[in-house]
Structure formats: structure tokens, C-alpha cells
Amino acid sequence: MDGTERTPEWQNRHFVPIFIRRKAEEQEKSYYFVGSAVALDDVRESVNRSEDGRESKVVVSTLKLIKPVDPELYRHLTGKSAL
């Protein structure tokens, strides 16, 4: 990323859907759509290491959602109240 993600042109042309998975549902490979990102901050490359030692490149970022996550979905995903 070169900083262009903060411009209105980038935001109007890019749809960044955010899906997450509950750790408790890891075996089912279920994902939940929580919204779309409107901003990306602190973008950096990193490396994930699997249990067998294999490495894969990933991008880590702080995301800002267009709308807050629905409180019921948040509770389901985290087991905590939204407030």
C-alpha cells in the first residue's frame, strides 16, 4: 500500500469485504461477513508459520468498518456483549 487507500477515489473503486471465523467453529470452516472496510491503517507485511514450520506471507492491517458490527453477531462471535 502506498497511502492511496485513504483517498476517496480508492474508497469508491475498492470493495474490501471482511469475513471472520469463530475459533470454536474452526473445523466447520464457517465464515461470517461482518461488513466492508472503509479505511486501512498500519499496513505491513508479516509471515505466518504453520505448525509444521511452513511459512506464508500475509498482510496485517487495522481496518475501519463502514458500519459497526451488529450487536447480536458480535455477541455470537465473541461471547461478549457489544457494550
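In what order do the elements of the protein chain run from the N terminus on? The order is α-β-β-β-α. That makes two helices and three strands. Both kinds of element are DSSP runs, numbered from the N terminus: helices are H or I with at least four residues, strands are E with at least two.

This is a predicted model, in which local features need pLDDT of at least 70 and side-chain atom pairs count only at pLDDT 80 or more, while totals for chains, interfaces and linings use all residues. Residues are numbered from 1 along each chain as its sequence is written, and side-chain values use heavy atoms, with hydrogens and water left out.

Start with the inside. Of the 83 residues in the protein chain, 14% are buried. Buried means under 20% relative accessible area, exposed means over 50%, and partly exposed lies in between (1.4 Å probe, protein chains only). The largest nonpolar core has five residues: Ile18, Val34, Ala37, Leu73 and Leu77. A nonpolar core here is a set of buried Ala, Val, Leu, Ile, Met, Phe, Trp, Tyr and Cys residues joined through side-chain atoms within 4.5 Å. In soluble globular proteins, nonpolar side chains tend to be buried together.

Look at valine 34 next. Leaving out residues up to four places away in sequence, valine 34 touches Ile18, Ile20, Leu65, Val69, Leu73 and Leu77. Contact means heavy atoms within 4.5 Å.

Now move to proline 17, in strand β1. Is proline 17 buried or partly exposed? It counts as partly exposed, because its relative accessibility is 34%. Beyond its neighbours within four places in sequence, proline 17 contacts Phe33, Gly35 and Ser36. Its C-alpha atom is 8.0 Å from that of valine 34, 17 residues apart along the chain.

Phe15, Phe19, Tyr31 and Phe33 make a nonpolar patch of about 490 Å². Like charges are joined within 9 Å, and nonpolar side chains (Val, Leu, Ile, Met, Phe, Trp, Tyr) within 5 Å. Areas come from the Shrake-Rupley method with a 1.4 Å probe; for residues, only the protein chains shown count as cover. Tyrosine 31 sits in the loop between β1 (16-20) and β2 (32-49).

Finish at α2. Glycine 79 follows α2, and its phi is positive, near 80 degrees.

Note on methods. Patches are made of residues with over 30% relative accessible area and no salt bridge: like charges are joined within 9 Å, nonpolar side chains (Val, Leu, Ile, Met, Phe, Trp, Tyr) within 5 Å. A salt bridge is a side-chain nitrogen of Lys or Arg within 4 Å of a carboxyl oxygen of Asp or Glu.
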